[in-house]
Amino acid sequence: MLNQFSRTELLVGKDNMERLSGARVAVFGIGGVGGYAVEALARSGIGTLDLIDDDKVCLTNINRQIYATRKTVGKYKVDVAKERILEINPDAAVNTYQTFYLPETADQFDFTQYDYVVDAIDTVTGKLTLVEEAQKAGVPIISSMGAGNKMEPSLFEVADIYDTSVCPLAKVMRRELKKRGISHLKVVYSKEKPLTPVEDMAVSCRTNCICPPETERKCTQRRQIPGSIAFVPSVVGLIIAGEVVKDLMKGQGNGKV
């Protein structure tokens with residue numbers, strides 16, 4: 001019977017579609033990278049998606065985040081994403097968490113429930129905890145390295161964290177993961193040297209924060225406001241989704257699919 005995934009089934013077959021339908025994937029951070037990863041996972045037929053992000057859509061997100069439009073400004077990103085996923089696949093199960101993932105909030109999540117984890121958050125402490133928790137639970141995880149201040153989407157590649165170079169975030173992650181005895185982590189990263197954002201306070205959130213009311217983590221509290229463009233984080237998110245889907249079809253999930 002024809003359905004919204006029929007063209008995918010022509011490519012991967014019925015058995016793989018059933019694997020994807022039976023899979024549960026958690027995406028931590030659904031901004032520029034994570035949002036596109038969620039979109040592609042939903043359109044690939046992933047049956048259950050857990051979305052973790054405490055942020056609301058801001059006007060400044062519209063240039064790069066798939067769930068950000070003038071209509072959605074001020075709404076929680078996880079709520080907007082859930083609505084869109086169910087418009088794509090009404091049979092999907094979508095669990096949302098308005099949570100900023102850090103070591104202090106890690107105990108809210110049981111990683112043994114997941115078949116795959118996507119790390120699309122931008123804090124080192126959160127990323128390290130995600131990797132540790134996923135590995136303790138025996139769940140595959142893929143992490144996004146820095147996508148801000150980049151202009152060349154063709155330079156992103158999939159690698160083990162210990163095979164990366166140039167990327168400043170990857171350098172920090174290599175050092176900290178080594179300290180923790182973690183010997184492997186699949187990442188998407190780029191060797192492109194990050195650009196330096198223009199110092200123009202007229203268009204910087206540093207002094208002109210317009211985050212929606214009640215946003216806890218204001219731009220004025222961030223150490224750096226990176227520049228961004230539409231076609232870089234989207235590519236990273238799609239690469240991540242592709243790796244997740246291919247691994248799940250190979251049976252490299254958490255053993256439930």
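## Terms and basis

Contact, or touching, here means heavy atoms within 4.5 Å. The model is a predicted one, in which local features need pLDDT of at least 70 and side-chain atom pairs count only at pLDDT 80 or more, while totals for chains, interfaces and linings use all residues. Residues are numbered from 1 along each chain as its sequence is written, and side-chain values use heavy atoms, with hydrogens and water left out.

Ile46 lies in the loop that joins helix H3 (32-43) to strand E2 (48-52), where helices (H or I, at least four residues) and strands (E, at least two) are DSSP runs numbered from the N terminus. With a relative accessible area of 1%, Ile46 is buried; buried means under 20% relative accessible area, exposed over 50%, and partly exposed in between, using a 1.4 Å probe and protein chains only.

Leaving aside residues up to four places away in sequence, Ile46 touches Leu20, Ala23, Val25, Leu41, Asn89, Ala92 and Leu248. Ser21 is 25 residues from Ile46 along the chain, yet the C-alpha atoms of the two are separated by 4.9 Å.

## Helix H7

Leu248, one of the residues that Ile46 touches, is also one of the buried residues of H7. This helix covers residues 233-249, and its 17 residues reach 25 Å from first C-alpha to last, close to the expected 24 Å, a span calculated as 1.5 Å times one less than the number of residues.

H7 is mostly covered, since twelve of its 17 residues are buried, among them Val236, Ile240, Val244 and Met249. After the helix comes Gly251, whose phi is positive, near 80°.

## Cysteines

A disulfide is a covalent bond between the sulfur atoms of two cysteines. With the criterion of a pair of cysteine sulfur atoms within 2.5 Å, a search of the whole structure finds zero disulfides. Cys167 is buried at a relative accessible area of 1%, and Cys211 is buried at 15%.

## Overall fold

The protein contains seven helices and seven strands, which follow one another from the N terminus as α-α-β-α-β-α-β-β-α-β-β-α-β-α. Of its 257 residues, 49% are buried, and among contacts with a separation of 6 or more, 69% are between residues 24 or more positions apart.

The radius of gyration, taken over C-alpha atoms, is compared with a globule rule of 2.2 Å times the number of residues to the power 0.38; for 257 residues a compact globule would have a value near 18 Å, and the protein agrees with its 18 Å.
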